[in-house]
Amino acid sequence: MDFALTDDQLLIRDTARQFMEAEVRPHLRDWERAERFPAAQVRKLGELGFCGMLVPAEWGGAGTDTVSYVVMLEEVARVDAAIAVTLSVTNSVACVPLVRHGTEQQKYAYLPRLAHGEILGAFCLTEPQAGSDAAAIQTRAVRHGSTYRLNGTKSWVSTGGQAGLYLVFAKTDPDAGARGVTAFLVEPNFPGFRISRYEDKMGLRISPSAEIVFEDCAVPAENLLGEEGQGLKIALEALDGGRVGIAAQAVGIAQGALELSARYAKQRRAFGRTIGEFQAIQWMLADMQTEIEAARGLTYYAAWLRDAGVARAAMAASQAKLYASEMVNRVAYKAVQIHGSTGYSRESEVERIYRDARVISIYEGTSEIQRLVIARALLGATAGAAQGGR
Ligand SMILES: Cc1cc2nc3c(=O)[nH]c(=O)nc-3n(C[C@H](O)[C@H](O)[C@H](O)COP(=O)(O)OP(=O)(O)OC[C@H]3O[C@@H](n4cnc5c(N)ncnc54)[C@H](O)[C@@H]3O)c2cc1C
């Protein structure tokens with residue numbers, strides 16, 4: 001057993017850390033206020049290879065293992081969770097399904113550009129009436145000769161409006177339930193594609209979350225990903241991988257909160273001493289550190305299992321996502337507590353972290369859905385089978 005990162009993984013970690021400290025942290029507060037998506041910085045992260053970490057080199061990607069990928073995401077999230085989610089979506093739920101299910105022509109058309117960060121990917125499963133229950137989506141795709149016409153509304157699309165490729169899930173056979181869903185590769189310039197509005201969110205305010213309306217959106221038949229009826233399988237498989245990335249995002253956010261809190265505890269004085277000298281503060285910091293290490297262990301292990309191609313990798317990803325996403329909320333709470341009133345001010349970084357952390361136990365499968373996945377793996381396929389669930 002070897003817990004050490006390889007030289008390559010250390011290089012990736014250090015490169016991500018240096019970039020985020022130099023090119024992102026100094027500007028974050030201004031971008032937050034302006035709700036500005038940092039397109040130029042994301043593009044540079046793409047040039048460093050961070051948009052296509054899991055894409056083979058022959059398609060322009062970095063071709064790394066999943067552990068390297070989670071190390072990168074952790075470092076990005078340590079400074080900013082919103083950029084981490086942008087990278088996570090492009091890597092895990094846009095590039096990976098394309099690598100696994102794309103035709104040569106589709107890979108040629110999109111993968112190198114995605115991997116270099118020339119275009120970003122987006123994932124369109126959720127609809128206003130269907131989140132956890134993904135089989136209940138209502139967007140329809142009907143074939144007319146060499147084109148599919150898509151009609152429906154997708155909500156909460158991360159990087160919506162900034163992305164150049166949208167992986168859209170629509171029903172081609174509404175009577176077939178989960179087996180009636182098909183995946184499409186949609187470009188924003190296809191006729192009938194329209195961003196209808198942006199969510200006004202609690203956190204991740206520099207990452208746009210769009211509602212997208214498809215009105216007779218014309219998608220060429222060659223842009224169907226996989227086969228008709230395979231869509232939900234492709235989506236759930238992508239989310240299995242995505243969850244490891246979201247767990248890494250949680251670990252990174254929490255690590256950032258811990259470092260800020262430890263620094264503050266050494267500076268802030270009360271009753272004639274630094275607050276870090278009080279046992280109450282020390283215990284909070286010790287618990288934060290311990291929980292972060294536990295989540296990091298689960299996350300790296302899930303990534304390692306995924307690379308090893310082990311069947312229980314999906315359950316491990318859910319366990320990592322469940323624990324890490326609830327951990328980061330506890331850590332962010334303590335970080336604000338340690339900062340006192342300063343932590344409640346929009347001027348402080350932990351205030352943003354507290355808001356950003358809240359969504360981690362909601363997206364890419366809520367905590368309740370992760371527990372469902374874990375219980376099913378534990379008790380057998382029939383447990384909770386009636387309860388939908390991604
Ligand atoms: C910032 C942000 C970004 C997002 N980005 C994307 C994106 O890029 N692409 C995309 O497709 N979606 C995205 N989403 C949507 C996200 O994946 C969904 O919000 C999530 O799957 C939950 O769905 P819901 O919000 O409809 O909640 P619901 O499914 O309505 O759930 C409401 C509550 O009921 C619980 N619940 C539901 N079913 C069960 C069950 N069977 N057993 C127990 N409890 C249950 C849930 O856990 C939750 O607590 C994003 C969401 C947010 C907030």
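Helix α8, residues 279-308, gives the most to the lining of the second largest pocket, with seven residues. Keep in mind as you look around that this is a predicted model. About 500 Å³ of space lies in that second largest pocket. Of its 16 lining residues, Asp2, Phe3, Tyr300, Tyr301 and Trp304 are the closest to the centre. By class, this lining has eight nonpolar, three polar and five charged residues.

Now let's turn to the largest pocket. It holds about 710 Å³ of space, and 30 residues line it, with Trp156, Val359, Ile362, Tyr363 and Glu364 the closest to its centre. Strand β3 gives the most to this lining, with four residues. The lining divides into 15 nonpolar, 10 polar and five charged residues.

What takes up the space of the largest pocket? The ligand does. Two elements, β3 (147-158) and α11 (367-379), each give two or more residues to the shell around the ligand, and β3 has the largest share, with three residues. In total, 18 residues surround the ligand, and Thr126, Ser132, Trp156, Thr366 and Glu368 are the closest. This shell is made up of eight nonpolar, six polar and four charged residues.

| Residue | Protein atom | Ligand atom | Distance |
|---|---|---|---|
| Leu125 | backbone N or O | oxygen | 3.0 Å |
| Thr126 | polar side-chain atom | nitrogen | 2.7 Å |
| Ser158 | side-chain N or O | nitrogen | 2.8 Å |

On its own, the ligand has 970 Å² of accessible area, and the protein covers 69% of it.

Note on methods: Residues are numbered from 1 along each chain as its sequence is written. This is a predicted model: local features need pLDDT of at least 70, side-chain atom pairs count only at pLDDT 80 or more; totals for chains, interfaces and linings use all residues. Side-chain values use heavy atoms; hydrogens and water are left out. A residue is near a molecule or strand if one of its heavy atoms lies within 4 Å of it. A polar contact is a pair of N or O atoms within 3.5 Å; within protein, one must be able to donate a hydrogen and the other to accept it, and residues adjacent in sequence count only if both atoms are side-chain atoms. Accessible areas come from the Shrake-Rupley method with a 1.4 Å probe; for residues, only the protein chains shown count as cover. On a 1 Å grid over the protein atoms alone, a cavity is a set of points where a 1.4 Å probe fits but cannot get out, and a pocket is an open set with protein on both sides within 12 Å along at least five of seven lines; lining residues have an atom within 4 Å of a point. A molecule sits in a cavity or pocket if more than half of its atoms lie within 2 Å of its grid points. Ala, Val, Leu, Ile, Met, Phe, Trp, Tyr, Cys and Pro count as nonpolar, Asp, Glu, Lys and Arg as charged, and the others, Gly among them, as polar. Grid points are joined across faces, edges and corners, and a volume is the space filled by probe spheres set on the points.
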